[in-house]
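Here is a short briefing on how two chains meet. Have a look at the model first, then read on.

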Number of protein chains: 4
Amino acid sequence: MTPISEPRDPDFRTRVTASFARQSFMATLGASLQLVEPGEVHIALPFAPHLSQQHGYLHAEATTAIADTASGYAALTLTPADAEVLSVEFKINLLLPASAPRFLARGRVIRPGRRLSVCLAEVVALHGAEEEVIASMLSTISIRPG
Amino acid sequence: MTPISEPRDPDFRTRVTASFARQSFMATLGASLQLVEPGEVHIALPFAPHLSQQHGYLHAEATTAIADTASGYAALTLTPADAEVLSVEFKINLLLPASAPRFLARGRVIRPGRRLSVCLAEVVALHGAEEEVIASMLSTISIRPG
Amino acid sequence: MTPISEPRDPDFRTRVTASFARQSFMATLGASLQLVEPGEVHIALPFAPHLSQQHGYLHAEATTAIADTASGYAALTLTPADAEVLSVEFKINLLLPASAPRFLARGRVIRPGRRLSVCLAEVVALHGAEEEVIASMLSTISIRPG
Amino acid sequence: MTPISEPRDPDFRTRVTASFARQSFMATLGASLQLVEPGEVHIALPFAPHLSQQHGYLHAEATTAIADTASGYAALTLTPADAEVLSVEFKINLLLPASAPRFLARGRVIRPGRRLSVCLAEVVALHGAEEEVIASMLSTISIRPG
């Protein structure tokens, strides 16, 4: 993917990685960072029984959590070094039951801004080399000076 | 609150409680059912360190999880006995940082339907007897015959 | 309704009314301001054939237009005198077919902010003295210094 | 764009065109169909003074109207011949002020279903050969047997 914008802080990867490591909730889920590029972040999540809903699939909120977090960090790759990001709001469509050994959320900035960035994310279910889009999210991220 | 509709299954409380107990992810969070009435369900969540985001507040997805789950079960209180509910999509606005010892999500059906129900939920932060609305969610729930 | 906040500009009604009058699109629809209170604005729309969709009902975007406009002006009632408002994003659930001689949108600020306000709106179909909620909207409004 | 699904009714273009022609509101706006392919529909809208908001730009609801209509008809290209489509809900992010002589909405089905289809749409502002994305929409469309 062509970067949609140049990063303003060359150390954006360090910043994103350090912030992700402070999110206890991501450790609770078992999620990990897979890619940190300007305007784009991927987060992987293996299925685990403690993440299931009443039918044994991945809970919609685990899907939502990796989509929103990938979006927020995608926005963070493009901010100045001392800025923070905060989700103002998001909307997610859950397209298919989340039944797979592994999931990947891809968050991308579609409109970078000084105060607000808008992101589009998808979550795919990975069955070996095959992937299937199971969720689509559109979100608004607030950029706060640090 | 006046019920917005009559339940079609007199055992709706048993159904909601049993389904909630099968959600491992709710146990992972530490969430519990507080109220199950026709068209309305409340879910409580005490703050805990394993639920935090990078600044130590409750992670947005923990807020989202109890709002969406309260909405889905609010819809389930009004379905026939053998039906299932599934979130089609939702949108949440995160209004304030989630900093409190305890949170409560209140989900309500604003439009019950045979195939789709629409719900409105709020999440409040509880500081003793004081409460503050920290999130608002609007969602669409699909009703599937069992 | 109890005002959720005090207006910072005592002339907020004049400001809202003047801005509404500059919206040619509201005149194209035939919409009119019905109430302008701190944090709450109502807009009425009589049904007319030029607003219909393919089945003869009010077009979803006419419903959307009065809900979003009522929300934006509800936010404007609480801003400083020289500020402008702009919809960042909104989500609407269309609950019932819009079939009535007259419609009313009620927009309310649920979270006033210096940079962003969050609003909740409903649109009701008016059949004489009876009303029926046909749409629910949750939106984010940006406040810009004038 | 590769069609995401095969149309079930070979006369889908005739159906979409006839339904669009019955929408008085599209004529009120001055919108026209530009492309009708399986799973994808484009609608064009020239700027006109009767569509403006208070600062003279295209009103957000005119942007919204062509995005939602393109999405609904994108869903209709993939339904059986006697089915109808209805927007259940949508969310739109308004990314930039809508200032251009001409606009184009592109609606695409990202998940076709028997009862519900999910669409993603963008609206671009056209300045001669240049285009700029000004809005992004994610929507849920209900498919009803005719």
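**Where chain A meets chain B**

Lys91(A) and Glu89(B) join their side chains in a salt bridge, at 2.7 Å from N to O (a side-chain nitrogen of Lys or Arg within 4 Å of a carboxyl oxygen of Asp or Glu). This is a predicted model, where local features need pLDDT of at least 70, side-chain atom pairs count only at pLDDT 80 or more, and totals for chains, interfaces and linings use all residues. Residues are numbered from 1 along each chain as its sequence is written, chains are lettered from A in the order in which they are written, and side-chain values use heavy atoms, leaving out hydrogens and water.

**Polar links**
- Between chain A and chain B, the count is two salt bridges.
- There are also 21 residue pairs in polar contact, both at pLDDT 80 or more (N or O atoms within 3.5 Å, one able to donate a hydrogen and the other to accept it; residues adjacent in sequence count only if both atoms are side-chain atoms).

**Elements on the chain A side**
- Helix 2 (24-29), helix 3 and strand 3 (84-94) of chain A each supply at least two residues of the side that touches chain B (DSSP runs numbered from the N terminus: helices are H or I with at least four residues, strands E with at least two).
- Strand 3 of chain A gives the most to that side, with 10 residues.

**Extent**
- The contact takes 34 residues from chain A and 34 residues from chain B (heavy atoms within 4.5 Å).
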